[in-house]
Amino acid sequence: MINVCIVAGARPNFIKVAPLIRAIMKTEGMAYQLVYAGREDDPTLEGTLFDDLQIGRPDVFLGVDSQSLNEITGQVMGAFDHYLDAFPADTVIVVDDLASTMAAAIVTKKRGIRLAHLVAGTRSFDIKMPKEVNRLVIDGLSDLLFTAGISNNNITNREGAEQHRVYMVGNILIDNIRFNHSRWLRPAIMDELSLKEGEYIVFTLNRKMLIDDQEKMGALMGAMLEGMSTQHDGKQIPIVAPLRGKAKEVVAKLTEGCRNVMIVDSLPYLEFGYLTAHAKGIVTDSGNVAEEATFNGIPCITLNSYTEHIETVKTGSNVLVGEEPEKLKEAMANMLSGSWKKCGLPDRWDGRTAERIVQILKSDDSHPES
């Protein structure tokens with residue numbers, strides 16, 4: 001029996017590990033436990049999330065709650081070390097690039113346990129970003145690096161990773177989209193706000209650095225609204241913004257009096273999936289949302305100068321505008337006029353990523369007992 005521990009550090013991680021959990025549950029000779037670094041009453045984990053993903057709630061909550069990245073690292077290391085005392089694992093799988101992810105990775109390697117990194121080889125090439133430090137550490141420690149695309153493979157190879165440790169398994173987020181595509185739920189807010197499929201823009205905002213810079217956000221919101229001066233069937237197309245916390249407060253303040261900006265509470269997973277899949281276009285600072293837009297063929301503008309998954313730009317529907325208002329304004333005009341670039345699906349976005357990972361974990365030459 002191969003005992004796998006899957007560590008999630010934040011809500012988006014659950015969306016990526018859900019396909020892997022479903023695949024392990026179907027595999028004879030494998031068992032798993034799901035560990036969450038945060039609290040059991042974490043407000044970002046809506047009550048329907050795990051039912052929507054069709055997985056169980058975490059087996060263990062480490063209970064870490066801090067705004068300091070260094071405190072999170074230390075607290076997770078201590079709590080995860082105690083967890084492994086009680087629940088020995090053959091393999092630990094960590095996701096993405098959070099401080100909690102790095103902490104779990106360090107503890108795993110110090111114990112001599114096989115470490116796998118899901119979504120490895122992502123880089124911003126900005127060492128000032130805490131997440132970039134996390135990525136470098138996690139990839140450097142990992143025994144198995146599961147990458148989403150050839151560009152991520154190239155990064156790990158340039159940094160000296162042994163080729164037998166790197167596996168281009170594909171984009172696991174797409175496994176979830178394919179699994180849930182027929183399960184999307186039309187949000188009630190669409191009727192409440194008189195939104196019609198294909199006739200609205202979705203706007204999301206998550207990056208703390210951007211939210212905290214209200215001057216920059218004001219310029220970006222102004223550019224977005226100016227770029228939307230194009231009329232659609234005689235009416236200005238609405239912007240629907242599912243937001244929470246400070247992002248909601250900031251955007252509400254900056255768009256006060258703008259009738260076509262409709263700010264709503266963040267939506268459950270299946271409802272948000274429907275909203276974005278049926279939009280005319282999306283403006284976001286989220287890499288996950290941009291990946292989903294590429295799969296759905298929806299024009300997407302990302303408020304960032306880089307993306308960890310460049311295939312969403314080279315092959316997909318994503319366009320990077322950085323934090324430059326003029327570029328945003330121009331991209332908005334192109335989106336509304338229907339003059340968006342041609343796009344397609346990147347390699348291995350076939351919904352079989354989790355299946356590949358499970359087969360690798362089971363293979364003789366990767367199992368720690370072989």
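1. A disulfide is taken here as a pair of cysteine sulfur atoms within 2.5 Å, and the structure holds zero of them. Cys343 is accordingly in no disulfide, and the nearest cysteine sulfur, which belongs to Cys300, is 11 Å away. Cys343 is partly exposed at a relative accessible area of 36%, where buried means under 20%, exposed means over 50% and partly exposed lies in between, with a 1.4 Å probe and protein chains only. Cys258 is also partly exposed, with a relative accessible area of 24%.

2. On the basis of these values: this is a predicted model, in which local features need pLDDT of at least 70 and side-chain atom pairs count only at pLDDT 80 or more, while totals for chains, interfaces and linings use all residues. Residues are numbered from 1 along each chain as its sequence is written, and side-chain values use heavy atoms, with hydrogens and water left out.

3. A charge next to a ring deserves a separate point. Arg22 lies over the face of Phe179, at 3.7 Å from the ring centre, under the rule that NZ of Lys or CZ of Arg must be within 6 Å of the ring centre and within 35 degrees of the ring normal.

4. With a salt bridge defined as a side-chain nitrogen of Lys or Arg within 4 Å of a carboxyl oxygen of Asp or Glu, a search of the whole structure finds 23 of them. Asp85 and Arg111 meet in one, at 2.4 Å from N to O. This pair links distant parts of the chain, with Asp85 in helix H3 (residues 69–86) and Arg111 in the loop between H4 and strand E5 (114–120), 26 residues apart. Arg111 is partly exposed, with a relative accessible area of 33%.

5. A further salt bridge joins Glu159 and Arg123, whose closest N and O atoms are 2.6 Å apart. Glu159 lies in the loop between helix H6 (150–158) and strand E7 (166–168), and Arg123 in the loop between E5 and H5, so the pair ties together parts that are 36 residues apart in sequence. Glu159 is partly exposed at 43% relative accessibility, whereas Arg123 is buried at 4%.

6. Glu323 and Arg207 also meet through their side chains in a salt bridge, at 2.7 Å from N to O. Here the linked parts are 116 residues apart, with Glu323 in the loop between strand E13 (318–320) and H15, and Arg207 in the loop between strand E8 (201–203) and helix H9 (208–212). Glu323 is partly exposed, with a relative accessible area of 26%. Elsewhere, a network of salt bridges links Asp97, Glu132, Arg135 and Glu308.

7. On backbone angles, most residues other than glycine have a negative phi. Asp96, however, has a positive phi near 60 degrees; Asp96 sits in the loop between strand E4 (91–95) and helix H4 (99–110) and is buried at 13% relative accessibility. Arg348 has a positive phi as well, near 65 degrees, and is found in the loop between helix H15 (325–337) and helix H16 (353–362), where Arg348 is partly exposed with a relative accessible area of 34%.

Technical notes:
Helices (H or I, at least four residues) and strands (E, at least two) are DSSP runs, numbered from the N terminus.
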